[in-house]
Amino acid sequence: MASRVSCPSPPRLLHCLTLLLLFSTFHASDAATALVEKVCRQASSYSFCVRSLYSDSRTPEADEYTLAYISVGVAYSNATSTQRYISDQLKSIEVSGSSHRDQQQRLQICSRGYQRAVSALVMAHNDLDSETFFELARLAGKASSGASDCKAAFKGIPPPTALAKGNQDLMHLCEICGVVAKLFSGM
C-alpha cells in the first residue's frame with residue numbers, strides 16, 4: 001500500500017513558500033554581510049571598504065565571484081572618473097594658454113599613470129571573465145601604482161583636492177581588490 005503525501009492548502013502553501021524564500025534571502029544576505037566583513041577587516045580603512053562595496057546594489061547578495069566583480073568595477077569607475085578630471089585639467093591649461101608648465105608636466109605624469117591604471121583594471125575584469133583569478137592581485141597593484149605615481153608627481157606641493165582624493169581612493173580600492181583576490185588563492 002503506497003502512502004499518500006498530502007499537500008497543504010493553497011494559502012498555507014503560499015505562506016510556507018514565502019517563509020522559505022525569506023529565510024533563504026536572509027541567509028544569503030547574512031553570508032554576503034559576513035564576506036564583506038571578512039574582506040573589509042583586512043583593509044586599511046574598514047569604513048571606506050564597506051562604503052565602497054555597498055555602493056553597488058549587488059553587494060547584499062554577493063558571493064566571492066560577484067564581490068570580485070564589484071571591487072574591480074568600483075575601482076574602474078574611480079580610475080576613469082579621475083582620468084577624466086586629469087584630462088579636463090590639462091585641457092584647461094592648454095585653452096587658457098597659461099604658463100603653468102610645471103602643473104602641466106605633473107598632470108601629464110598623472111595622465112600616464114591613470115592610463116596604466118584603467119588598462120590594468122580592464123585586464124583584471126577580463127581575468128575575472130576567464131575565471132582564472134590568477135592575475136587579479138597583480139593587476140590591482142599595477143592600477144594602484146598609477147595613482148601612486150600621480151601622487152608622487154605632486155611631491156612637495158599640494159595637488160588639486162579632487163586629484164588627491166582620486167589618488168587616495170584608487171589606492172584603497174585596489175587594496176580591496178587585492179584582499180578579494182586572496183579569497184581565491186585557496187581554490
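Me: Which residue forms a disulfide with C110?
Reply: C110 is bonded to C150, with the sulfur atoms 2.0 Å apart; a disulfide is a pair of cysteine sulfur atoms within 2.5 Å. The pair links distant parts of the chain, C110 in helix α4 (residues 101–129) and C150 in helix α5, 40 residues apart. Helices are DSSP runs of H or I with at least four residues, numbered from the N terminus.

Me: What should I know about the source?
Reply: This is a predicted model, in which local features need pLDDT of at least 70 and side-chain atom pairs count only at pLDDT 80 or more, while totals for chains, interfaces and linings use all residues. Residues are numbered from 1 along each chain as its sequence is written, and side-chain values use heavy atoms, without hydrogens and water.

Me: Is the C110 and C150 disulfide left-handed or right-handed?
Reply: The torsion about its S-S bond is about 85°, so the disulfide is right-handed.

Me: How many disulfides does the whole structure have?
Reply: There are two. C40 is joined to C49, S to S 2.1 Å, and that link is left-handed, with -75° about the S-S bond.

Me: Are C40 and C49 buried or exposed?
Reply: Both are buried, where buried means under 20% relative accessible area, exposed over 50% and partly exposed in between (1.4 Å probe, protein chains only). C110 and C150 are both buried too.

Definitions and conventions
Helices (H or I, at least four residues) and strands (E, at least two) are DSSP runs, numbered from the N terminus.
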